Amino acid sequence: MTFTLAAVVARRGLDVSFTVAPGETVALLGSNGAGKSTVVEISAGLLRPDSGRASLDDRVLFDLGAGRPGVWLPPHARGTALLAQEPLLFPHLSVRDNVAFGPRSAGESRARSRETADEWLAAAEVADLADRRPTALSGGQAQRVAVARALAADPRLLLLDEPMTALDVAAVPAQRRLLHRVLAGRSVILVTHDPLDALALASRVIVLERGRIVEEGATRTVFAHPQTEFTRALTFGLDLSAGPAGPAGPAPAP
Ligand SMILES: Nc1ncnc2c1ncn2[C@@H]1O[C@H](COP(=O)(O)OP(=O)(O)OP(=O)(O)O)[C@@H](O)[C@H]1O
């Protein structure tokens with residue numbers, strides 16, 4: 001899926017335009033208030049921009065401008081899934097039924113949507129928690145269930161807004177590894193403050209400053225040759241000379 005977005009939100013000082021290629025994870029970086037969450041909200045259908053257009057392949061998500069009726073698809077009709085900082089699971093449903101909710105809403109039978117849920121719970125390595133209520137989960141477990149729930153809906157575009165922020169620091173590497181595995185081949189926008197998330201998960205980064213794109217390119221290229229003060233500070237001390245880190249870590253020195 002190719003995602004294209006152009007949007008202006010004057011009251012938030014936002015004016016951006018970019019594309020996410022099929023199967024590409026793009027990390028949105030930038031200081032507090034730069035506009036990252038606003039981009040996610042617009043893409044998910046939670047915030048209406050003053051003007052702009054977004055599409056996922058040939059499906060127009062919105063097309064708005066002055067003096068015409070325009071197009072605005074509601075969140076559930078977009079084919080996007082949002083994974084937020086907090087897992088936001090339905091407290092009255094079991095873990096399995098939380099994950100089954102998306103496929104069930106999309107018209108799958110109760111039995112088939114539960115099978116889909118169990119497949120994604122297994123992929124997120126939390127199959128043993130299927131019968132629990134969300135209140136009986138740790139923060140890390142709840143985020144894994146939230147990942148399973150987002151993917152069970154089979155989104156055309158996955159929006160991750162700081163999915164690691166609420167986690168204990170010790171739980172972050174395992175969550176990063178899970179995301180690395182399940183994001184492969186999907187079109188994803190990842191908001192993060194952590195350069196390690198961008199390096200591990202995103203092939204491209206976009207840096208926002210006061211609602212504008214000020215830097216973008218391949219993650220390692222941008223980090224190795226930062227053009228803005230923000231990116232220079234973000235990557236200070238990062239050693240990018242070891243080559244790309246795979247699941248087994250960087251290649252050993254010769
Ligand atoms: N609900 C809101 N109402 C009005 N203005 C808002 C609202 N949420 C954010 N803003 C403003 O919009 C601008 C962009 O904020 P946004 O939350 O998108 O930034 P961000 O890059 O996600 O920041 P952070 O890293 O702190 O989460 C900021 O100037 C912010 O003050």
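This is a predicted model: local features need pLDDT of at least 70, side-chain atom pairs count only at pLDDT 80 or more; totals for chains, interfaces and linings use all residues.
Two strands count as paired if DSSP finds at least two bridges between them. Helices (H or I, at least four residues) and strands (E, at least two) are DSSP runs, numbered from the N terminus.

Residues are numbered from 1 along each chain as its sequence is written, and side-chain values use heavy atoms, with hydrogens and water left out.

**Antiparallel sheet**

- Five strands form an open sheet in the order β2-β1-β4-β5-β6, with antiparallel pairing.
- The edges are β2 (14-20) and β6 (71-72), each with a single partner strand, so one side of each has no neighbour in the sheet.
- Within this sheet, β4 (residues 51-56) and β5 (residues 59-64) are antiparallel and share five bridges.
- One of the residue pairs there is S55 with V60, the latter in β5.

- Strands of a sheet pair through backbone hydrogen bonds, either parallel or antiparallel.
- Strand β3 (residues 25-29) runs parallel to β9, with four bridges between them.
- β3 also runs parallel to β10, again through four bridges.
- V26 takes part in both pairings: its bridge partner in β9 is I189, and in β10 it stands opposite R204.
- β8 and β9 are parallel and joined by four bridges; D161 has V191 of β9 as its bridge partner.
- In a regular strand the side chains alternate between the two faces of the sheet.
- Strand β9 (residues 188-191) is covered on both faces, with V188 and L190 on one side and I189 and V191 on the other, all buried (under 20% relative accessible area; exposed is over 50%, partly exposed in between; 1.4 Å probe, protein chains only).
- Strand β10 (residues 204-209) is mostly covered, as five of its six residues are buried.
- β10 pairs with β11 (residues 212-218) in the antiparallel sense over six bridges.
- These two strands form a hairpin with two residues between them, and R210 in the turn has a positive phi of about 45°.

- T228 lies in the loop between α7 (219-224) and α8 (229-234).
- Its relative accessible area is 10%, so T228 counts as buried.
- Leaving aside residues up to four places away in sequence, T228 touches E209, V214 and E215 (heavy atoms within 4.5 Å).
- The side chains of T228 and E215 are joined by a polar contact of 2.7 Å. Such a contact is a pair of N or O atoms within 3.5 Å; within protein, one must be able to donate a hydrogen and the other to accept it, and residues adjacent in sequence count only if both atoms are side-chain atoms.

**Ligand site**

- The ligand is surrounded by R12, S31, N32, G33, A34, G35, K36, S37, T38, E162 and H193 (each with a heavy atom within 4 Å of it).
- By class, this shell has one nonpolar, seven polar and three charged residues. Ala, Val, Leu, Ile, Met, Phe, Trp, Tyr, Cys and Pro count as nonpolar, Asp, Glu, Lys and Arg as charged, and the others, Gly among them, as polar.
- A polar backbone atom of G35 is 2.9 Å from an oxygen atom of the ligand.
- For S37, a backbone N or O atom lies 2.8 Å from a ligand oxygen atom.
- An N or O atom in the side chain of T38 is 2.5 Å from an oxygen atom of the ligand.
- The protein covers 56% of the 630 Å² of accessible area that the ligand has on its own. Areas come from the Shrake-Rupley method with a 1.4 Å probe; for residues, only the protein chains shown count as cover.

**Loop residues with positive phi**

- E125, in the loop between α3 (110-123) and α4 (139-152), has a positive phi of about 60° although it is not a glycine.
- E125 is exposed, with a relative accessible area of 54%.
- D154, in the loop between α4 and β8 (157-161), is not a glycine either, yet has a positive phi of about 50°.
- D154 is exposed at 57% relative accessibility.

**Helix residues**

- R177 belongs to helix α5 (residues 172-183) and is exposed at 55% relative accessibility.
- R177 and D197 are 20 residues apart along the chain, and their C-alpha atoms are separated by 9.9 Å.
- R220 belongs to helix α7 and is partly exposed, with a relative accessible area of 29%.
- R220 and L199 are 21 residues apart along the chain, with 7.1 Å between their C-alpha atoms.
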